[in-house]
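Let's walk through this structure together, beginning with a single residue and then stepping back to the whole chain.

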Amino acid sequence: IRSQNAVFDKPTDKFDLRDNVEIVTVEDNQPTTIHSATAVYEQTNGKIALSGGADITQGGNFVKGDNINAQLYPTKKLQTAIVIGNAYLKQVTPEKTTEITGNELNANFNNADKIQNAVAKGNAYLKQTTADQISEVRGSEMNAGFDSNGIIQNANTIGQSSVVLVPKESK
């Protein structure tokens, strides 16, 4: 844990960090890197509150926005990310790339690091690229569900919406 100003409360195992925060943890040989202007990290509870240009990188998952409230599994894997302001999520696996944006985003991940569902509000956008298809969904608000491998199963939108499914051309 690095920052310009830090306060650690041992009884609650809580860090209050200010100015150029960087938190790096490693579990199961997988690093998690967190950056923000300020952070409150409740290590035992697995809760992190980030503000000021926050981002979390864990394996193929990348989440960023103005403010992020995250919950980690006991294994330190990302369980939930609530992003307020300029929300962006990108998940990259060998099978697919998924990107979700919106003014606000609430995303949940399974214990295998795959996205399970996402709710985006305000200019919601979802794009998933697989070996044979590109899927895009837009709406004022969106609620998307994914299977256990993180493949889109459904996407419900509110407001003016569009759905585009484009098969990739074979060479």
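Ser-135 is buried, because its relative accessible area is 11% (buried means under 20%, exposed over 50% and partly exposed in between, with a 1.4 Å probe and protein chains only). Do keep in mind that this is a predicted model, where local features need pLDDT of at least 70, side-chain atom pairs count only at pLDDT 80 or more, and totals for chains, interfaces and linings use all residues. Residues are numbered from 1 along each chain as its sequence is written, and side-chain values use heavy atoms, with hydrogens and water left out.

You will find Ser-135 in strand 9, which covers residues 133-146; strands here are DSSP runs of E with at least two residues, and helices are runs of H or I with at least four, numbered from the N terminus. Leaving aside residues up to four places away in sequence, Ser-135 touches Leu-126, Lys-127, Gln-128, Ile-152, Val-164 and Leu-165, a contact being heavy atoms within 4.5 Å.

Now for the whole protein. Its secondary structure consists of eleven strands and zero helices. Of the 171 residues, 38% are buried. Among contacts with a separation of 6 or more, 34% link residues 24 or more positions apart.

As for overall dimensions, the C-alpha atoms fill a box of roughly 55 × 35 × 25 Å along the principal axes.
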